Amino acid sequence: QMNLLVYCPQELQISNSETGLIMALMAVSVALGCWLAGIISKKTVETGLIPLGGSGLALSILLIVILRPEKLWFVILILLAALSSGFLKVPLNAWIQAQVKGRKLGDAIAYNNLMNFVFILISAALFGWIDAAFGARMVFLTVALLSVMLTLVLTIKVADSREKLKNLLKWHKH
């Protein structure tokens with residue numbers, strides 16, 4: 001999201017107000033992705049959404065880097081990335097909570113939140129450095145590459161995610 005504040009005015013020549021609107025639409029899109037992930041999961045831990053969400057996030061951002069789309073297509077791709085992040089977030093949080101039992105769950109959730117904020121700080125520093133050295137477009141490339149790596153690691157480490165993704169795709173074909 002920080003990159004939008006730089007990228008939108010520089011690359012798309014749009015105003016701060018339009019950039020703010022895109023950021024607001026992104027927040028709604030993340031929420032929509034979380035909501036849809038909850039509906040698809042049907043009160044289970046649906047780890048099959050992890051590779052789906054991660055791939056959607058990575059692909060959408062990568063297309064922004066490669067295609068350098070005009071405003072309308074940029075907005076569509078960034079909203080797809082945000083929607084995909086909701087598909088990634090919900091099953092990951094549910095999976096973490098399912099792995100930890102009893103009294104340790106509160107500690108695990110607190111640790112997860114702490115790590116989220118640590119990585120937000122790291123990403124802010126990384127954003128500043130990459131933007132200053134290479135430009136806002138390369139920030140998107142970094143996000144896309146990190147998303148690919150994260151998706152691969154999670155798909156390998158969360159053992160049943162591949163099988164559940166196959167089941168999800170079979171179910172949606174019918």
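Which residues does Ile-64 touch, not counting residues up to four places away in sequence? In this predicted model, Ile-64 touches Tyr-7, Pro-69, Phe-74, Leu-77, Ile-78 and Phe-140. A contact here means heavy atoms within 4.5 Å. Ile-64 lies in helix H3. Ile-64 is buried, with a relative accessible area of 0%. Buried means under 20% relative accessible area, exposed over 50%, and partly exposed in between (1.4 Å probe, protein chains only). Ile-64 and Leu-49 are 15 residues apart in sequence, and their C-alpha atoms are 23 Å apart in space.

Residues are numbered from 1 along each chain as its sequence is written, and side-chain values use heavy atoms, with hydrogens and water left out. Because the model is predicted, local features need pLDDT of at least 70 and side-chain atom pairs count only at pLDDT 80 or more, while totals for chains, interfaces and linings use all residues.

The protein has 7 helices and 0 strands. Its pattern along the sequence is α-α-α-α-α-α-α. Helices (H or I, at least four residues) and strands (E, at least two) are DSSP runs, numbered from the N terminus. For 174 residues, a compact globule would have a radius of gyration near 16 Å; the value for the protein is 17 Å, which agrees. The radius is taken over C-alpha atoms, and the globule rule is 2.2 Å times the number of residues to the power 0.38. The C-alpha trace spans about 50 × 40 × 25 Å along its principal axes.

Of the 174 residues, 33% are buried. Among contacts between residues at least 6 apart in sequence, 75% join residues at least 24 apart. The accessible surface comes to about 10600 Å², and 71% of it belongs to carbon and sulfur atoms. Accessible areas come from the Shrake-Rupley method with a 1.4 Å probe; for residues, only the protein chains shown count as cover.

Helix H1 covers residues 2-11, and its buried residues are Asn-3, Leu-4, Val-6, Tyr-7 and Cys-8. These buried residues pack against helices H2 (16-41), H3 (49-67), H4 (71-99), H5 (104-134) and H6 (136-157). Thr-19 lies in helix H2. At 2% relative accessibility, Thr-19 counts as buried. Thr-19 touches Leu-4, Leu-5, Cys-8, Pro-9 and Ile-14, residues up to four places away in sequence not being counted.

The structure holds 4 aromatic pairs. The ring centres of Trp-129 and Phe-134 are 5.7 Å apart and the planes stand at 85°, so this pair is edge-to-face. Rings of Phe, Tyr and Trp (its six-membered ring) pair if their centres lie within 6.5 Å; planes under 30 degrees apart count as stacked, over 60 as edge-to-face and the rest as tilted. Both Trp-129 and Phe-134 are exposed. Tyr-7, Phe-74 and Phe-140 form one aromatic cluster. Ile-64 touches each of these three residues.

Most residues other than glycine have a negative phi. Gln-13, although not a glycine, has a positive phi of about 50°. Gln-13 is found in the loop between H1 and H2. At 60% relative accessibility, Gln-13 counts as exposed. Lys-43 is not a glycine either, and has a positive phi of about 65°. Lys-43 sits in the loop between H2 and H3. Lys-43 is exposed, with a relative accessible area of 87%.
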